[in-house]
Amino acid sequence: MKRIYTFINMKVNMQQTSAFPQAILPKLKDVDIRLLSIFLTVAQARGFSAAETELNINASTISRHIKELERKIGFKLCDRGRSGFRLTANGERVLLLAQDLFRSLEAFKSGVNELHENLTGQLRIATIDRLLENPQFRLTEAISAYQAVAPQVTFDVERHSPRMIEHCVLDGQFQLGISLRFPGQSLSKAHNGFDEHYLFDEETRLYATTGHSIWEEAAAKLSWGMLSDQNWACMSYNFDSHNERQVPVDIFPRNRRSIGATANSVEALLILILSGRYIGYLPVDTAEPYVAKGALRLIDIDKARYTLEVIAITRRSPGLNKASEVFLNHLLAAHQ
């Protein structure tokens, strides 16, 4: 808790007192914890706009909360403007201190809960979107079986991007995340902080609407070269410069200018593809209902497909508390 105490009693350096009055936090209140949580999400998302989806509030409200936090602690946390988003030196330090704070709060709650004989507390799970359509996804069965033996445990299940899930599990905001990896890759190689638990494979194929111009051009057999010249829509994290996953280069066009649109969820990606202006990859289970009713058509060439592994991730240190460990066992059993 030493670093948290340092944060609470942090003083403003002389160069910054002109913009903010000197402030020392006498104690943290619930509102301060919420402001720090918002700041943590913004810092992890690397910007206000990127954090809108994660926080479910608009950028102007986020900006107001960050300004309020800056007022309370007495110095600027980040620069935002035409040049983009960047944490100040003090902002970088507060980010580390806030991460320590939330880890300590979670460790405290977990420690108190483990003093009880019964499984109690809150289990927070972060998952990617699109999995509910996949019959192999058995989170609902795991929750049902777990509640039969741990009825006092409450759940908080949220949907986030893979990158945000990984950050939040590492920070201790969620005990368990459900994310993706390409076969043969390991998230822990990048972070060295995860335990990864395989659940099932997800097959992904390339689709276009039945009215897309590609079918008119493809009087002859479709070729990869022909597809590379099309306008593509892709998941935004596939081309995130901070992405820990190494996306196989041969499943996307080499010319990145062919990527005409990006989306932060499969539902948003589906909307773009259904517009008829883009081709793009979709999970087979997501696309099949639209193929069945004639809205989408499979682009069936060998190169235009790939498989992802759906995994559960947990933080390696500190490890899971008793309630979370029992739930992980139920989740793995449901996917056997």
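At what angle do α3 and α4 pack, and how far apart are their axes? Hi everyone! What we have here is a predicted model, so please keep that in mind as we go.

First, the overview. The protein chain has 13 helices and 11 strands. Of its 336 residues, buried ones make up 50%. If we take the contacts in the chain with a separation of 6 or more, 74% of them link residues 24 or more positions apart.

Now, back to the opening question. The angle between α3 and α4 is about 100°, and their axes are 9 Å apart. Angles from 65 to 115 degrees count as roughly perpendicular, so that is the word for α3 against α4. On the α3 side, the contact is made by Phe48, Ala51, Glu52 and Leu55, and α4 brings Ala59, Ile62, Ser63 and Ile66.

Let's stay with α3, which runs over residues 48–55. Which of its residues are buried? They are Phe48, Ala51 and Glu54. These three sit on the same side of α3, because they cover an arc of only 105° around the axis. Here is a handy rule: an α-helix has 3.6 residues a turn, so residues three or four places apart point the same way. On the other side of α3, Ser49 and Thr53 are exposed.

What covers that buried side? The cover includes the helices α2, α4 and α7, along with the strands β1 and β2.

The crossing is right-handed.

In soluble globular proteins, nonpolar side chains tend to be buried together. In this model, the largest nonpolar core has 92 residues. Its largest share, eight residues, comes from α2. Among the residues with the most contacts inside the core are Leu227, Trp232 and Phe327. Leaving aside residues up to four places away in sequence, Leu227 touches Leu206, Ile214, Leu222, Trp232, Ile279, Ile299 and Ile301.

Key:
Residues numbered from 1 in each chain as written. Predicted model: local features only at pLDDT ≥ 70, side-chain atom pairs only at ≥ 80, totals over all residues. Heavy atoms only, no water. Buried < 20%, exposed > 50% of the residue type's maximum accessible area, 1.4 Å probe, protein only. Helix = DSSP H or I, 4+ residues; strand = E, 2+ residues; numbered from the N terminus. Arc of directions from axis to C-beta. Contact = heavy atoms within 4.5 Å. Core = buried A, V, L, I, M, F, W, Y, C linked by side-chain atoms within 4.5 Å. Left-handed = near helix turned anticlockwise from the far one by under 90°. Axes fitted to C-alpha atoms, helices over the stretch in contact; angles between N-to-C directions. Parallel < 35°, antiparallel > 145°, perpendicular 65-115°, else oblique.
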